[in-house]
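Hi everyone, thanks for making time this morning. Let me put the model up and walk you through two parts of it.

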Amino acid sequence: MKNRIATGFDFLSPFYDLLARLIIGKDIVNSQLHFLKSFRECNRLLILGGGSGWILEPLCKACPDIQIDYIDLSPKMINAAKRISGKNVRINFILGTENDIPDRLYDGVITNFYLDMFEKQTIEKVIEKIKGSIAVGMLADFTLLSENPLTVAPERIKDIKVEEVIIGGKSVYKAT
Ligand SMILES: C[S@@+](CC[C@H](N)C(=O)[O-])C[C@H]1O[C@@H](n2cnc3c(N)ncnc32)[C@H](O)[C@@H]1O
């Protein structure tokens with residue numbers, strides 16, 4: 001039986017990007033583009049919950065030699081990402097989850113709007129899985145929010161709190 005979350009994202013796939021941009025504004029794009037330059041030195045990158053794949057074109061432009069493993073749970077999101085990337089042989093598409101991360105080390109991992117989908121009880125397990133795939137010496141930048149801005153009611157977006165900010169692998173802010 002198909003996973004409920006996969007079915008939800010399959011349904012959303014034709015208009016997910018538009019909806020996200022309408023709800024959050026252009027910052028959702030700018031914040032993701034901003035970090036692409038950090039991957040210039042990377043050889044092998046893991047993208048988890050990549051969605052429609054809009055980021056692949058600017059990413060491959062910024063990092064022309066990078067090899068990418070691109071994982072998403074939703075068949076329709078994966079198909080959309082394949083369409084965007086055309087015949088780019090440097091991208092290996094995997095229909096699956098964090099449980100399907102290939103057994104290799106990455107020097108970069110992108111988890112845009114992915115970690116915030118997990119409940120508090122499961123997030124640590126997911127992070128442990130991801131950490132196991134990161135090459136020694138690589139550091140993470142990310143923000144943990146109290147709720148997912150894409151799934152809460154629009155009038156509650158303003159109440160979302162930043163719980164923790166990690167920069168260069170170090171916690172630089174933790175809500176008390
Ligand atoms: C909120 S969207 C973010 C998409 C994209 N990263 C972006 O920022 O535009 C989350 C994506 O993660 C996928 N997803 C949900 N749970 C997943 C899981 N456990 N493993 C892999 N992908 C998952 C969904 O199908 C969806 O494409």
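The ligand is surrounded by 18 residues, and the closest are Phe9, Gly49, Gly51, Ser74 and Thr97; a residue is near a molecule here if its C-beta atom, placed from the backbone, lies within 6 Å of it. This is a predicted model, where local features need pLDDT of at least 70, side-chain atom pairs count only at pLDDT 80 or more, and totals for chains, interfaces and linings use all residues. Numbering runs from 1 along each chain as its sequence is written.

By type, the shell around the ligand has 10 nonpolar, six polar and two charged residues. Helix 1 (4–12) and strand 2 (67–72) each supply at least two shell residues; helices (H or I, at least four residues) and strands (E, at least two) are DSSP runs, numbered from the N terminus.

Three strands form an open sheet in the order 5-6-7, with antiparallel pairing, and two strands pair if DSSP finds at least two bridges between them. Strand 5 (142–145) and strand 7 (170–174) are the edges, each pairing on one side only. Four bridges link strand 5 to strand 6 (residues 162–167), and leucine 144 has glutamate 164 in strand 6 as its bridge partner.

Definitions and conventions. Ala, Val, Leu, Ile, Met, Phe, Trp, Tyr, Cys and Pro count as nonpolar, Asp, Glu, Lys and Arg as charged, and the others, Gly among them, as polar.
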